[in-house]
Amino acid sequence: MKALKFLAILILPATVYISFTSTGWITLLPLLVFFGLVPLLELLFNPDKENLNAEQEQREKENKLYTYILYATVPVQLFFLGWFLWMMKDIELTTLEYIGRVSAMGLLCGVIGINVGHELGHRNNRFDQLLGEILLLTSLDTHFLPYHNAGHHFNVATPNDAATARKNEIVYLFWIRSHFQSYYQAWEAENTRLKSSDRRWFHLQNRMLIYTLCNILLLVGIFYFFGLKALFAFVAAAVFGILLLETVNYIEHYGLLRKQNEKGRYERVKRTHSWNSDHRIGLLMLFNLSRHSDHHYNGSKHYQLLKSLPESPQMPTGYPGMMLVALIPPLWFSIMNKKLQDL
């Protein structure tokens with residue numbers, strides 16, 4: 001069955017398990033696999049540009065196994081987070097081991113907590129959205145949903161969008177601008193939504209208000225039950241996951257801008273307004289996130305249905321490799337600015 005290939009996500013918790021139960025350099029295994037081995041393997045395999053035909057698309061759209069795989073990541077994330085907090089409350093680690101285990105949890109926060117939370121947050125039923133909110137809470141990034149759905153998808157590839165990187169913008173500055181600007185825009189989006197129904201911002205239906213309280217309660221609860229050391233470790237892991245998200249944001253829309261008409265209105269979002277990657281391992285590990293143009297063209301489309309399209313600009317390698325390149329701005333600019341000129 002086609003859906004079973006997405007169980008490749010289990011490679012991540014498997015490497016995190018090894019990190020949590022090991023000492024020395026092996027605690028860095030998740031980082032070494034996903035930012036070492038995976039980029040190398042993606043250079044060896046041809047991109048997968050195969051799309052479902054109309055009959056297959058209808059069949060896979062109705063296949064609930066794709067959704068159940070997403071559901072299964074929720075207990076995995078919660079289990080590893082609980083284990084991480086219990087382990088970090090009083091364990092003595094070397095600096096290398098501390099970095100290894102925090103980054104391992106951070107990878108779970110970014111890949112499962114935020115990425116799967118993003119996919120479920122786009123669903124049109126409250127149960128899926130709730131699971132998405134729980135996953136995002138484990139990464140302290142709950143503001144992602146109101147900003148992403150009401151702001152990013154509307155303003156993408158314009159200067160109004162926090163998560164669209166400008167040409168020649170350095171990724172390290174983008175991290176700060178994107179995260180804090182998107183947080184502010186999430187409050188704006190919720191305030192606007194409430195005003196449209198004659199409600200004030202201080203209302204139980206203000207998701208940002210509820211999310212903020214949940215984040216505070218989570219942090220206070222971790223401190224109370226696990227102590228200060230575990231709290232610091234969790235915050236560090238969550239920040240690592242958020243930086244993974246912001247780096248992905250950076251590479252997904254770098255330098256792409258929608259055209260404006262004579263009235264200053266932007267053209268509708270097209271499949272040319274996101275960078276795509278059809279590299280096989282990244283597609284599986286990130287639930288087709290790297291087919292990003294089709295996602296923006298139709299945000300409600302489930303991940304298994306996303307298509308590779310010839311008009312979408314392509315990155316030279318997969319997400320893990322491009323994220324590493326982005327961390328070296330001169331190398332990133334030399335590659336991606338040339339691709340921008342060629343569009």
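Q: Quick one: what does tryptophan 83 count as, going by relative accessibility?
A: Partly exposed, since its relative accessibility is 21%. The cut-offs are under 20% relative accessible area for buried, over 50% for exposed and in between for partly exposed, using a 1.4 Å probe and protein chains only.

Q: Before we go on, what sort of model is this?
A: It's a predicted model, where local features need pLDDT of at least 70 and side-chain atom pairs count only at pLDDT 80 or more, while totals for chains, interfaces and linings use all residues. Residues are numbered from 1 along each chain as its sequence is written, and side-chain values use heavy atoms, with hydrogens and water left out.

Q: OK, aromatics. How many pairs does the count come to?
A: The count is 21 aromatic pairs. For Phe, Tyr and Trp (its six-membered ring), ring centres have to lie within 6.5 Å; planes under 30 degrees apart are stacked, over 60 edge-to-face, and the rest tilted.

Q: Which kind of pair do phenylalanine 6 and tyrosine 66 make?
A: Edge-to-face, because their planes are at 65°, with the ring centres 6.1 Å apart.

Q: And where do those two sit?
A: Phenylalanine 6 is in the segment before helix 1 (11-20) and tyrosine 66 is in helix 4 (residues 65-88), so the pair ties together parts 60 residues apart in sequence. Phenylalanine 6 is buried at 2% relative accessibility, and tyrosine 66 is buried at 3%.

Q: Back to tryptophan 83: how are its ring and that of phenylalanine 79 arranged?
A: They form a tilted pair, 5.9 Å centre to centre with 50° between the planes. Both are in helix 4, four residues apart, so about one helical turn separates them.

Q: What about tryptophan 86, what sits over its ring?
A: The charged end of lysine 89, at 3.3 Å from the ring centre. To qualify, NZ of Lys or CZ of Arg must be within 6 Å of the ring centre and within 35 degrees of the ring normal.

Q: Switching topic: how many helices and strands?
A: There are 14 helices and zero strands in the protein chain. Those are DSSP runs numbered from the N terminus, helices being H or I with at least four residues and strands E with at least two.

Q: How compact is the chain for its length?
A: It is as compact as a globular protein of that length, because its radius of gyration is 20 Å, close to the 20 Å that the globule rule gives for 343 residues. The radius is taken over C-alpha atoms, and the rule is 2.2 Å times the number of residues to the power 0.38. Also, 53% of the 343 residues count as buried.

Q: Last one: what does glutamate 60 touch?
A: Lys2, Leu52, Tyr66, Gln304 and Leu305, leaving aside residues up to four places away in sequence; contact means heavy atoms within 4.5 Å. Glutamate 60 lies in helix 3 (residues 54-61) and is buried, with a relative accessible area of 6%.
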